[in-house]
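Hello,

Here is the structure you will be working with. Please open it first, then read the notes below it.

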Amino acid sequence: MNQVIRSAKALRGVLRVPSDRSITVRAALIAAIAEGTSRIRAPLDSDDTQAALNCLSALGVNIEPLSSACDTLGLQVRGQGLRGLRAPSTALFCNASGTTMRLMAGLMAGQAFDSVLDGNEQLRRRPMRRVTEPLRHMGAQIEDTDGHAPLRVRAALHPLRGLDYALPIASAQVKSALLLAGLYADSAVIVREPAPTRDHTERLLRAVGVALDVNAEGEATVIKLTPPSEPLRALDVLVPADFSSAAFFIVAACLVPSAELRLVEVGMNPTRTGLLNALRAMGAQIQVENVREEGGEPVGDIVVKGSALRGIEVSGALVPRMIDEFPIFAVAATQAHGVTVVRNAEELRVKESNRLEGFVAELRKLGARIETTPDGFIAEGPTPLSGAVVSALDDHRVAMALAIAALLAHGETTILGADCVRKTYPTFFRDLAQIVEA
Ligand code: S3P
């Protein structure tokens with residue numbers, strides 16, 4: 001599907017963007033190995049979350065809609081206990097979901113049956129040794145295919161071994177895989193991350209009764225999981241709106257003159273909200289109201305007004321806290337006065353697309369003055385953009401960031417392959433149309 005976007009005169013309204021992908025996938029996986037029936041209220045329904053649910057169904061987990069007596073839409077997951085999953089009869093197909101594949105790798109490593117994890121062509125190109133290698137240190141029999149999917153996991157005939165592992169790159173997916181494998185280990189699993197990454201897995205594991213110690217050591221975080229001696233308790237979670245989906249509209253409202261937008265029930269986990277720090281440092285007018293805790297996660301309403309931005313530098317520990325927001329941050333950078341520099345973000349090269357070379361090339365088609373560096377990009381602004389034909393690169397966040405850039409561009413922009421937004425935000429273009437005045 002191609003999508004045509006015209007420049008916006010104004011932007012206003014109230015939106016509740018779809019629920020958090022990372023939390024939905026994690027909640028489903030953990031509910032599957034808990035004891036009893038878990039409730040996941042307001043889960044995200046998208047390609048990525050469907051991939052995770054399909055894998056769990058193939059492992060014998062019963063997942064049904066919550067009964068209509070409940071006040072929110074949701075899922076009930078009948079937990080099989082730590083050792084009750086069933087051997088799948090075919091490969092577990094993760095489609096394009098890196099989160100599903102890497103977390104499932106950790107979960108499958110401890111099972112008493114063989115499994116194969118596979119994905120679509122795009123997922124097969126993404127790096128997997130970062131997860132198979134430390135799992136092998138735990139005694140898991142897991143093989144990748146030249147560092148990629150498919151991954152073949154042999155039945156664990158003994159408990160996995162404990163591990164003390166310093167992550168070479170800050171990755172919440174790798175950390176989560178090791179913590180899930182740690183549920184099947186004979187001693188503690190210690191994961192040292194170079195900078196804090198999203199901690200949803202830790203929060204959910206605590207909620208089901210797993211003992212976790214988390215300590216800061218300078219910029220690093222050390223997480224220690226003690227393998228449980230009791231069954232995991234069932235979960236009852238309410239999934240907040242996804243900050244990474246809200247991010248597109250936050251930046252749109254900063255950049256469209258006289259915009260005023262309220263985004264409600266957004267997950268405000270500090271490991272996810274680095275974009276707010278960056279935008280505020282650029283001079284953005286963003287208020288967070290009504291902050292409360294729901295289902296173990298901070299939630300709030302974000303109010304954004306249009307304002308002039310100035311260039312900044314983003315590097316170090318801020319990078320993992322906004323790792324999925326760089327495409328939309330790059331759009332903000334093209335409109336900020338002065339130079340914006342991003343460093344230490346080489347991970348952007350191995351996301352759904354190469355979000356440095358690929359995305360920057362698409363933005364340049366709209367007239368942006370932006371160049372890549374080995375570990376980031378440099379943008380100069382403010383630059384007037386003009387409509388063009390651009391490609392979504394089969395990357396949901398590229399499609400959505402280009403759509404926001406197109407609101408600022410003179411004339412008309414056509415985004416080729418825009419339906420890839422289904423990965424995390426199937427209703428993106430409908431929601432956009434609702435708040436934009438053309
Ligand atoms: C995610 C972690 C990040 C992020 C991805 C989702 C997660 O990936 O980019 O979109 O749910 O744990 P990495 O762990 O590769 O940094």
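Thr414 counts as buried because its relative accessibility is 18%, and the cut-off for buried is under 20%. Please keep in mind that this is a predicted model. Thr414 belongs to strand E23, which covers residues 412–416.

Which residues does Thr414 touch, once its neighbours within four places in sequence are left aside? They are Asn2, Gln3, Val4, Ala388, Val389 and Val390. One of these, Gln3, lies 411 residues away from Thr414 along the chain, yet 5.6 Å separate the two C-alpha atoms.

**Two domains**

The protein is split into domain 1 (3–19 + 240–437) and domain 2 (21–238). In the contact between them, 29 residues come from domain 1 and 28 residues from domain 2. The centres of domain 1 and domain 2, taken over C-alpha atoms, are 28 Å apart. Together the two domains bury about 2400 Å², and 46% of that area is on carbon and sulfur atoms. On the domain 1 side, Ser19, Arg272 and Lys423 provide 22% of the area buried against domain 2, more than any other three residues.

**The cavity**

How many cavities of 30 Å³ or more does the structure hold? There is one.

Regards

Terms used
Residues numbered from 1 in each chain as written. Predicted model: local features only at pLDDT ≥ 70, side-chain atom pairs only at ≥ 80, totals over all residues. Heavy atoms only, no water. 1 Å grid on protein atoms, 1.4 Å probe; cavity = no way out; pocket = protein on both sides within 12 Å on 5 of 7 lines; lining within 4 Å. Points joined across faces, edges and corners; volume = space filled by probe spheres on them. Helix = DSSP H or I, 4+ residues; strand = E, 2+ residues; numbered from the N terminus. Buried < 20%, exposed > 50% of the residue type's maximum accessible area, 1.4 Å probe, protein only. Contact = heavy atoms within 4.5 Å. Domains from an automatic or database assignment. Buried area = accessible area lost by both parts, 1.4 Å probe.
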